[in-house]
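Dear colleague,

Please find the structure we discussed below, together with its sequence. I would be grateful if you would look it over before reading my notes.

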Amino acid sequence: MKNKFVVVVMTAALAWMGTAVLNAADFPVANPKDMALYPQQNAYRNKLDFSGIWNFQLDSQGRDRRMAERTA
């Protein structure tokens, strides 16, 4: 009974849509410039300045590689 109801509903929905079935090709391609999330401070996004927090250095002695080999 449940399957019959689903078939009836789907058939009605497809009939209502008619030939107006949309495909991915029907939508315009977004411009990559419009998709980027730029830093901004608002109620939904928090813009924090992390400059000065990081102190990255090259590992010229290979300590990190040896540590990774020991724990693997």
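The notes below cover the fold, the confidence, and the surface.

This is a predicted model. Its chain contains 3 helices and 0 strands, and the order from the N terminus is α-α-α.

Regarding confidence, the chain has a mean pLDDT of 75, with 76% of its residues at 70 or more. Helix α1, which covers residues 2–17, has the lowest confidence, with a mean of 67, whereas α2 has the highest, at 75.

One nonpolar patch deserves a separate mention. Leu-48, Phe-50, Ile-53, Trp-54 and Phe-56 together make a nonpolar surface patch of about 640 Å². Of these residues, Ile-53 is located in the loop that lies between α2 (32–35) and α3 (63–71). Ile-53 counts as exposed because its relative accessible area is 54%, and the cut-off for that class is over 50%.

With kind regards

Methods: Residues are numbered from 1 along each chain as its sequence is written. This is a predicted model: local features need pLDDT of at least 70, side-chain atom pairs count only at pLDDT 80 or more; totals for chains, interfaces and linings use all residues. Side-chain values use heavy atoms; hydrogens and water are left out. Helices (H or I, at least four residues) and strands (E, at least two) are DSSP runs, numbered from the N terminus. Patches are made of residues with over 30% relative accessible area and no salt bridge: like charges are joined within 9 Å, nonpolar side chains (Val, Leu, Ile, Met, Phe, Trp, Tyr) within 5 Å. Accessible areas come from the Shrake-Rupley method with a 1.4 Å probe; for residues, only the protein chains shown count as cover. A salt bridge is a side-chain nitrogen of Lys or Arg within 4 Å of a carboxyl oxygen of Asp or Glu. Buried means under 20% relative accessible area, exposed over 50%, partly exposed in between (1.4 Å probe, protein chains only). pLDDT is the predictor's confidence in each residue, from 0 to 100.
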